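Please read these notes with the sequence and the model open beside them. They go point by point.

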Amino acid sequence: MESVNEIKEALSARSRTATLDELRSEGRRKVRLIRAEHVAAMVAEAVHAAIEQSGLIAPEEAQRLVERSRQEFRAILQQREQEARRAQEVEQNLAAREQELHELRQQFEQTAGELRDAQAELYRVRAQFESLQEQQREAAPAAGAPTELLLSLVQQMTNLKASLLTQQQPAAAAKTAGADFSAAIEKLAGSLNDRLEKLGKKMGVGAAVGGDAPVDFSGMFKGADQALESNLDGIEAKQKAGGGIASNLARLKKLKGGG
Amino acid sequence: MTQQQNTTNPAATQGADTTVALGKGLDIGTANLAAAVQNAEGGITVTVERNAFLDIPSDVYSKNMLTKLKVPYVVHNNKLVVIGEAAFELANVFGRETRRPMCDGLISPNEQDALPMMKLIIQKILGEPRVSGENCYFCVPAPSLDVDNNVVYHQGLFESLVHKLGYTAHAINEGHAVIFAELAENDFTGIGLSFGGGMANACIAYKSIPCLSFSVARGGDWIDKNVANVLGCPRSKATHIKERGIDIRDPKSREEEAVAIYYRSLVGYVLQNIKSRFESGQNMPSFQHPIDIACSGGTSLVGGFIEIFREEFAKIDFPIPIGRIFRSEEALTAVAKGCLVAAAIGES
């Protein structure tokens, strides 16, 4: 194949091109045609004959060289074909990645749009919340009615509980009702207690009262007041000397406006 | 920086000296107890004792032997209780664990009968008040981010104890005390960190006013516990490895490697929590200039601590501009010194 191409190139370099009209004007009515492959075969035949006649290389050696050249040529051709296939695969992969990238960009833009919408919604809700807070603050002084209502409700529930307990006593005195009825009453009273407690906590009127007085834990050291046998008085403690605190105190006094 | 002094009973010397400024500072730490007082030379004297004890069978021979060896003991519930540093040393010798009155920065619920021992140690290091009702500021941890701790009980308990010793007791946050001790040059503006035995305490202050304080329940004990777990040894052995003068940047053995790993983990954990807390904190002051971070506490004494701290700090995107990061020159006694500053300013 290589030699055919070379012959084609050599023929085009050493020939001229003429149109049919030009040939006709030169008085030619027919032209002889020969294919480049035939010329190559003729050249190969001539080269073989020349080598044979020269006696420099044995015909078998010439044939072996030709065969080796063909094998080498086929190997190189195969390699080039593989490279071409690989290049094609890389090209296909690249195209696929570009497509994926394009799709990801589209998704990103879509998500960014959604995020912008969500942020806008968040700002809107926050503004609404602040507005409601403001309204609540303004309305706070007039908010006594619901609290009074709740207090009234608590009072009613307390009365109901007391009434249930009062009814429980005659029932127990008569001893006509069974133990189950007493248990049910107690359960109901307990349930009412819990509800009252929960409601009170919600309203901030629970039974517990906050004490500002500091808790006295001195009782925890009652046992520690006993005189324990020890040798501590005769043992030296480890001491370290450190830098003074005069500058710290001066700075602090200055900060407090005292220096 | 620090040097040993040949002083006998601090109670006697401190009680006798009335020429120096009044006020005392007390650091009630999980690992160490330290009391600070101003001395006649214009400096301060800090008396330190380890907050641990060890009970051994009581007999006459042991008592005599301990006294000869100058090992402090108390007889409690018919047991001989060795207290302070000596307890730690004896525990190492016998391969036992010391008993610890405090856990995670607070009085331990498992060691209720340790209160008499703590009272004795505090009485010994604090000495008698020089005047009746002398101010004594003692440190308390800030509320913890990672455990549910009862600071109110702890504070009330030690208020009562200090009061019983004849002082007027005031509580001060541990991180705040570090700011009083270390950030005077910055007008008491910055971040004070105390890496103690049971906790790490943090406080950010602006011109001495604390803006945010919190703690995490990890400290030297957490390192000891984990090192002991991975090495399969008692905790007191792990403490000994940690305190024998290693450099966590250059561990020389498997044991030191374990200590270095958990130190880095502790620093990273504390920094992440500080960052997270500062980011979520409302009403935080805005600083025009970078602020300094002062580290203190016994756990920060290990070699290479501040370098590791800076390395871990560089890994996070801290929300506040930071200038210097340094370790207190007297890391073990910085909290006591800060308490003393607060007490002295209260007296003036």
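1. Among contacts in chain B between residues at least 6 apart in sequence, what percentage join residues at least 24 apart? The value is 69%, where two residues are in contact if their C-beta atoms, placed from the backbone, lie within 7 Å.

2. This is a predicted model, in which local features need pLDDT of at least 70 and side-chain atom pairs count only at pLDDT 80 or more, while totals for chains, interfaces and linings use all residues. Residues are numbered from 1 along each chain as its sequence is written, and chains are lettered from A and ligands numbered from 1 in the order in which they are written.

3. Chain B has 348 residues, of which 49% are buried (20 or more other C-beta atoms within 10 Å of the residue's own, with C-beta atoms placed from the backbone). Its secondary structure amounts to 11 helices and 15 strands; these are DSSP runs numbered from the N terminus, helices being H or I of at least four residues and strands E of at least two.

4. An open sheet in chain B has 5 strands, in the order β13-β12-β11-β14-β15, with mixed pairing (two strands pair if DSSP finds at least two bridges between them). β13 (209-216) and β15 (322-327) of chain B are at the edges with a single partner strand each, so one side of each lacks a neighbour in the sheet. From one strand to the next the twist averages 15°.

5. At one end of this order, β12 (residues 200-206) of chain B and β13(B) run antiparallel and are joined by 7 bridges. B:Ile204 is opposite B:Leu212 of β13(B). Helix α9 (residues 254-280) of chain B packs on the sheet and touches β12 and β13 of chain B, its direction making about 135° with that of β13(B). Axes here are lines fitted to C-alpha atoms, for helices over the stretch in contact, and angles run from 0 to 180 degrees between N-to-C directions. Helix α6 (residues 174-182) of chain B also lies across strands, namely β11 (190-195), β12, β13 and β14 (291-296) of chain B, at about 115° to β11(B).

6. β14(B) and β15(B) are parallel, with 4 bridges, and B:Ala294 stands opposite B:Phe326 in β15(B).

7. The axes of helix α7 (residues 220-231) of chain B and α8(B) cross at roughly 110° and come within 8 Å. That makes α7(B) roughly perpendicular to α8(B) (65 to 115 degrees). Residues in this contact include B:Ile223 and B:Leu231 of α7(B), and B:Ala238 and B:Ile241 of α8(B).

8. Which residues of helix α3 (residues 85-94) of chain B are buried? They are B:Ala86, B:Ala87, B:Phe88 and B:Ala91. Their cover includes β3 (44-50), β4 (53-57), β6 (79-83) and α8 (235-243) of chain B. After α3(B) comes B:Gly95, with a positive phi near 65°.

9. The contact between the chains takes 33 residues from chain A and 49 residues from chain B. On the side of chain A that touches chain B, α7(A) gives the largest share, 7 residues. β1(A) pairs with β3(B) in the antiparallel sense over 5 bridges, and A:Gln239 is opposite B:Thr47 in β3(B).

Notes. A residue is buried if 20 or more other C-beta atoms lie within 10 Å of its own, exposed if 12 or fewer, and partly exposed in between; C-beta atoms are placed from the backbone. Angles under 35 degrees count as roughly parallel, over 145 as roughly antiparallel, 65 to 115 as roughly perpendicular and the rest as oblique.
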